[in-house]
Amino acid sequence: MRYALIGCGRISSNHVVAALNNNLDIVALCDIVEDNMIDKILKHKLRKDIKQYTDYKMLLKEIRPEFVAIATESGKHAQIALDCIDAGCNVIIEKPIALSLNDADEIIRRAKERNVKVCACHQNRFNKSIQKIREAIEMNRFGKLYYGTAHIRWARDYEYYARAKWRGTWEQDGGTLMNQCIHDIDLLRWMMGDDIEEVIGLTDRLKHDYIQAEDFGLALIKFKNGSYGVIEGTTNVYPNNLEETLYIFGEKGTVKAGGEAVNIIEEWRFSDYLDDAKEVKEECHENPPNIYGFGHSKIYADVVNAIKNDRAPYVDAEAGRRALELILAIYQSSYTHMPVKLPMNTGSTLDFSGMFV
């Protein structure tokens with residue numbers, strides 16, 4: 001399958017490795033900085049004849065790949081995705097899928113119209129720990145769900161933002177909830193039933209006065225199934241990343257996934273005793289080299305299979321929209337000091353420009 005990668009920055013190596021692990025034919029790379037492409041070719045020992053482009057539209061026109069990954073700055077995801085879809089390409093989009101609900105809806109609509117597959121790259125859904133919890137959810141082992149919590153306690157310093165001027169801007173990124181916390185937020189919504197009735201949020205910029213958006217966020221969520229959710233996210237932890245955790249509390253079960261990126265199970269308690277907690281913890285323990293984990297290769301394998309078998313990806317564009325919608329609802333609630341009802345039909349990070357001025 002002919003594959004191209006658009007965007008060769010911080011996360012791109014995970015995409016290259018995933019493409020190689022899935023035997024994709026990497027035919028082209030694209031980045032506005034040529035050295036970024038050269039770096040990936042050398043680092044991963046790619047073929048020297050791989051085409052290099054600084055203009056993705058030219059890549060699409062000349063190469064016509066079957067499968068494209070988009071790993072640019074967040075604010076460019078939507079337009080590039082739409083151009084790829086119009087060119088007949090199947091697409092995997094790094095999080096977030098877009099920065100506005102209108103753009104996300106257009107991606108979904110146009111993908112259906114052109115009959116191509118679009119995947120939102122929420123790779124942590126493929127963590128062993130998360131798959132084990134999802135299995136328990138689908139088996140109804142928790143019984144009635146009471147509430148779930150997501151805690152993302154990380155650190156980002158001045159150098160992180162200085163390396164890429166788009167980070168922390170409303171036009172191209174959003175704040176910690178949209179960038180660093182979106183994976184755990186996606187997992188919480190997915191596990192607790194997806195359908196949300198109401199969101200109450202608070203955000204602030206406590207430390208990073210050189211960015212536009214938040215570095216701290218809290219939210220309370222009321223799900224339509226009667227359960228609740230709690231979100232706590234920050235990039236203010238001293239001196240470095242502490243944890244990313246997901247708790248699920250139910251009538252008959254309690255689970256905690258933890259580690260730096262919800263990659264291990266720390267608590268596994270169920271009234272049915274269908275499995276041994278110690279064995280589950282050992283089975284699901286992963287030690288990834290960084291916060292990105294091992295999920296990219298698995299999510300690529302799923303997309304390839306979806307393309308070959310003409311089915312929806314496991315993490316489709318609608319899933320990407322739901323994660324985006326929840327974060328925009330938190331922003332809206334913080335901005336208006338009012339609860340926000342879901343579903344939301346419109347909303348964009350640009351709506352909150354100047355929130356912390």
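Tutor: Contact means heavy atoms within 4.5 Å. This is a predicted model, in which local features need pLDDT of at least 70 and side-chain atom pairs count only at pLDDT 80 or more, while totals for chains, interfaces and linings use all residues. Residues are numbered from 1 along each chain as its sequence is written, and side-chain values use heavy atoms, with hydrogens and water left out.

Student: Which residues does Thr-235 touch, not counting those up to four places away in sequence?

Tutor: With residues up to four places away in sequence not counted, Thr-235 touches Trp-154, Ala-155, Arg-156, Tyr-161, Thr-176, Gln-180, His-208 and Asp-215. Thr-235 lies in the loop between strand S10 (228-234) and strand S11 (243-250). Helices (H or I, at least four residues) and strands (E, at least two) are DSSP runs numbered from the N terminus.

Student: What makes Thr-235 count as buried?

Tutor: Buried means under 20% relative accessible area, exposed over 50%, and partly exposed in between, with a 1.4 Å probe and protein chains only. Thr-235 has 0% relative accessibility, so Thr-235 is buried.

Student: Why is the pair of Phe-67 and Tyr-300 called tilted?

Tutor: There are 16 aromatic pairs in the structure. In this one, Phe-67 and Tyr-300 are 5.4 Å apart centre to centre, with 40° between the planes. Rings of Phe, Tyr and Trp (its six-membered ring) pair if their centres lie within 6.5 Å; planes under 30 degrees apart are stacked, over 60 edge-to-face, and the rest tilted. The 40° therefore makes the pair tilted. Phe-67 belongs to strand S4 (residues 67-70) and Tyr-300 to helix H10 (residues 295-309), 233 residues apart. Both Phe-67 and Tyr-300 are buried.

Student: What makes the pair of Tyr-331 and Phe-352 edge-to-face?

Tutor: The planes of Tyr-331 and Phe-352 stand at 65° with the ring centres 5.6 Å apart, so the pair is edge-to-face. Tyr-331 is in helix H11 (residues 317-336) and Phe-352 in the segment after strand S14 (340-341), so the pair ties together parts 21 residues apart in sequence. Tyr-331 is buried at a relative accessible area of 0%, and Phe-352 is buried at 1%.

Student: How do you know that the charged end of Arg-167 sits over the ring of Tyr-160?

Tutor: A charge sits over a ring if NZ of Lys or CZ of Arg is within 6 Å of the ring centre and within 35 degrees of the ring normal. Arg-167 is 4.1 Å from the centre of the Tyr-160 ring and is listed as sitting over that ring. Tyr-160 also belongs to an aromatic cluster with Tyr-158, Tyr-161 and Tyr-210. Arg-125 lies over the face of Trp-190, at 4.2 Å from the ring centre.

Student: Why do S13 and S14 stand at the edges of the sheet?

Tutor: The open sheet has eight strands in the order S13-S12-S11-S7-S10-S9-S8-S14, with mixed pairing. Strand S13 (264-270) and S14 each have a single partner strand, so one side of each is left without a neighbour in the sheet.

Methods:
Pairing = 2+ DSSP bridges.
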